[in-house]
Amino acid sequence: MKKLVLVAIALILFYSGIKAQNISNPFFDQVLFRGAFGTTNWTEGWANWDPQNTNYAPANKIIPGGDISQNQVWKNSPLLKKADFTDQDVNTAFFEKVDFIGAFGTTDWTEGWANWDPQNTTYGAPTVTVPGGDISANTTWTKNNVYLLDGWVYVIDGVTLTIEPGTVIRGSKANKGALIVEPGGKIIARGTKEQPIVFTSNEPAGSRSYGDWGGLVVCGRAKVNKANPQIEGGPRTVYGGNDDADSSGILSYIRIEFPGIAFQPDKEINGLTLGGVGSKTQIDHIQVSYCGDDSYEWFG
């Protein structure tokens, strides 16, 4: 307790102009550190002991009084408000230079399955049209076909949709194609590094854009914090339940390109939406690119 008191009193005395010898008495413990704990100067580099004379740049954005009613990011980044950027844009001191790709690791874990130029990738024309509505029996989509989601396609309770590695699924822009796995339904989409499963726009190469189609929605029966919530974006699906160990299937080595279409203003389907998905659902190696809304969003 004396050490904490020392910190508070020492700072007060410092700003009051009282010298160190004034606190050289038995009341204070003599220690070798600064602050409440530790043996190093943990304030070095970020704390400011002379804010009175510090020069700050003038404000360039006014935040009026009132509510912040949507998510915001305040950050001194040169990429703010830019949807597209080049290598030159990130060649600034703001960014730390590293020798790896992704949030962690020292190897390129995207190699072989991720696509950094989906705008100019040539995909086959659809050979099978999947109309909006329910998939009501166990179904397998094979890599020798190209599938077109021609509306909102639902994998209903008790049904499993299996998608082979290397399969391409394209989404209709006109009919807002999307794939929705409902609670009790399952999707087994186990791509591989050599043969990822691709969900992409049905627009031709060079003409694709953010929000060309809906996206992939997976809902389960795990506990959620609302009663009978309907999944975001407009689909009919209500998610959640009492089974935290529920399984909605497997999503592995999957690309989702140009999703995020707006069903209504401010009601967009995300690239990958998860609602009440249980712990036995396997999800890994998912790349969402050029999404018109959030690339990933989950509700629990």
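**View 1. W74 is an exposed residue in this predicted model.** Its relative accessibility is 60%. Exposed means over 50%, so W74 passes the cut-off. W74 sits in the loop between α1 (2–16) and β1 (128–135). Together with I63 and I68, W74 forms a nonpolar patch on the surface. The three residues have about 360 Å² of accessible area together.

**View 2. D212 and K173 meet through their side chains in a salt bridge.** The N to O distance is 3.5 Å. D212 lies in the loop between β8 (197–201) and β9 (216–219). K173 lies in the loop between β5 (168–171) and β6 (178–181). The pair therefore ties together parts that are 39 residues apart in sequence. D212 is buried, at 1% relative accessible area. K173 is partly exposed, at 40%.

**View 3. A salt bridge links the side chains of R236 and E182.** Here N to O is 3.0 Å. R236 belongs to the loop between β9 and β10 (249–257), and E182 to the loop between β6 and β7 (186–190), so the bridge ties together parts that are 54 residues apart in sequence. R236 is partly exposed, with 40% relative accessibility. E182 is buried, with a relative accessible area of 12%. Salt bridges that share partners join R236, E182 and D134 into one network.

**View 4. R255 and E257 form a salt bridge between buried residues.** Their side chains meet at 2.9 Å, N to O. Both residues are buried. The model's count comes to five salt bridges.

How values were computed. Residues numbered from 1 in each chain as written. Predicted model: local features only at pLDDT ≥ 70, side-chain atom pairs only at ≥ 80, totals over all residues. Heavy atoms only, no water. Patch = residues over 30% accessible without salt bridge, like charges linked within 9 Å, V, L, I, M, F, W, Y side chains within 5 Å. Areas by Shrake-Rupley, 256 points an atom, 1.4 Å probe, with all protein chains shown as cover. Salt bridge = Lys/Arg side-chain N within 4 Å of Asp/Glu carboxyl O. Helix = DSSP H or I, 4+ residues; strand = E, 2+ residues; numbered from the N terminus. Buried < 20%, exposed > 50% of the residue type's maximum accessible area, 1.4 Å probe, protein only.
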